[in-house]
Amino acid sequence: MTALNKLSATKIAELIREGLTKPSEVMASHLDRIATRETQVGAFHYLDKDAALALAEHADSIAPKGPLHGVPFVIKDIIDTNDMPTGWGFAPYDTRHPEKNAACVDALIAAGAIPIGKTVTTEFAYFHPGKTANPHALTHTPGGSSSGSAAAVADHMAPLGLGSQTAASLIRPAAFCGLAAFRPTTGGFPLEGVMCLSPSLDTLGVLARSVMDLMLATEALSGQSLPPAPAFEDTPPRISLMRGPHWQDGGLEMRDVCSKAMTALAAQGAETGEIAHPEVFAALTDAQITVMEYEAAQSRMAEFDLYPEQISSQFADLIRAGQQVDARSYELALQTRDRANVLLDALMGDVDALLVPSAPGGAPQGLNATGDPLYSRMWNLLQLPAVALPYGKTRDGLPLGIQLIARRGDDAHLLTTAKWVEQAFEAHPFQTTA
């Protein structure tokens, strides 16, 4: 029998509803995994095993109260919790205790899910990494800034993880750790109680090991049921590759996985093609950096002023750069975003999703950086929904993956398309180039 901690959130919830297991048994299995692996992986910023088990034992004694009843989840440490500290990855804030939960935490708890603990984030969800290692190769980065949530889910310490993205903080760790991840249209999930870095870019998201789990979490976080899935059996999805302006900046393995993914989708009946990126796309990465710097310098100036000796050089450089961005440059960056969105919407036509790179390749070696965010910056600036999916491995056995992109607001359709793609990948496994 498969260990409970290896099961998906969807399967765990089903077994609990059918009385075939109990929330406390599920939690105990995950806590056992944490006890075995946490000293190596370092996914957690805060963990109270007794408290987590007590919550699960209470769930044993009550009728299932929602679709996630008894399902454990972990919380990125920029997301407020009223019974656990929330330190934002910054040592002077390690003992910061919010008075109430973030809205997303309350939403998952209302659906019956049970929090295990707080996971490591990079400092202020920017570049300076924490202690977390990639479960697939402990000398390699898990990516960031949702480092701990990605590592915990990938290592079967939890089936669901809350994270966030301002540049690439969900999609990149998902790619490096072999996970599925969902970044909704900006504003798609509630941000009350989540640390602000860049208001027009910050987006709450979810990490899981399957698209079904992403869908289950999405319904809980959005408070809405997803509409019925399209009948792709009758009319397979239309998926187009967009290489983008940075195609040649990544590794051969990245380009290979995108090409093989398109081949796999065509083999399963998808209508595939390729869309050339508009010329303005070449300016989007710089525009995203401009927007992030400008907004971060306003949102996090207090830490820059109050803790000049404690903040990292990376974060100090971000704030200083933001101070040099004038309002006109910021507005021009936003205009570039809006112009690109109009062009992209026209180009996509009736395409269900774009397939694009998620990372330059496999997770880089070393824990002193979290990898290049290049392949998500522009999509995050455009505020578009994205799903990361694992597909294949590097020659060294590290995960690879792709991301799917849809129009703003087309989140539900993107998730159902991603589910079809996930099944197509399972039917057409990746073959590593010799």
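**Exercise 1.** Which residues in helix 4 meet which residues in helix 7?

*Solution.* This is a predicted model, in which local features need pLDDT of at least 70 and side-chain atom pairs count only at pLDDT 80 or more, while totals for chains, interfaces and linings use all residues. Residues are numbered from 1 along each chain as its sequence is written, and side-chain values use heavy atoms, with hydrogens and water left out.

Step 1. Cys104, Ala107 and Leu108 in helix 4 meet Ala217, Ala220 and Leu221 in helix 7, where contact means heavy atoms within 4.5 Å.

Step 2. By class, this contact of helix 4 with helix 7 has 6 nonpolar residues, no polar and no charged. Ala, Val, Leu, Ile, Met, Phe, Trp, Tyr, Cys and Pro count as nonpolar, Asp, Glu, Lys and Arg as charged, and the others, Gly among them, as polar.

**Exercise 2.** Determine how helix 2 and helix 3 are arranged.

*Solution.* Step 1. The axes of helix 2 (residues 23-41) and helix 3 (residues 49-60) come within 7 Å and cross at roughly 160°. Axes are lines fitted to C-alpha atoms, for helices over the stretch in contact, with angles from 0 to 180 degrees between N-to-C directions. Helices (H or I, at least four residues) and strands (E, at least two) are DSSP runs, numbered from the N terminus.

Step 2. Helix 2 is therefore roughly antiparallel to helix 3, a term for angles over 145 degrees.

Step 3. Residues of helix 2 in this contact include Met27, Leu31 and Ile34, and among those of helix 3 are Leu53, Ala56 and Ala59. The contact of helix 2 with helix 3 comprises 10 nonpolar, 1 polar and 3 charged residues.

**Exercise 3.** Describe the nonpolar cores.

*Solution.* Step 1. The largest nonpolar core has 126 residues. Such a core is a set of buried Ala, Val, Leu, Ile, Met, Phe, Trp, Tyr and Cys residues joined through side-chain atoms within 4.5 Å.

Step 2. Ile79, Phe281, Leu355, Trp379 and Leu389 have the most contacts inside this core. Another core, of 16 residues, lies apart from it; Met27, Ile34, Ala59 and Ala151 are among its members.

**Exercise 4.** Is Tyr391 buried or exposed?

*Solution.* Step 1. Tyr391 lies in strand 10 (residues 386-393).

Step 2. With a relative accessible area of 4%, Tyr391 is buried; buried means under 20%, exposed over 50% and partly exposed in between (1.4 Å probe, protein chains only).

Step 3. Not counting residues up to four places away in sequence, Tyr391 touches residues including Val257, Lys260, Phe425 and Phe430.

Conventions
Angles under 35 degrees count as roughly parallel, over 145 as roughly antiparallel, 65 to 115 as roughly perpendicular and the rest as oblique.
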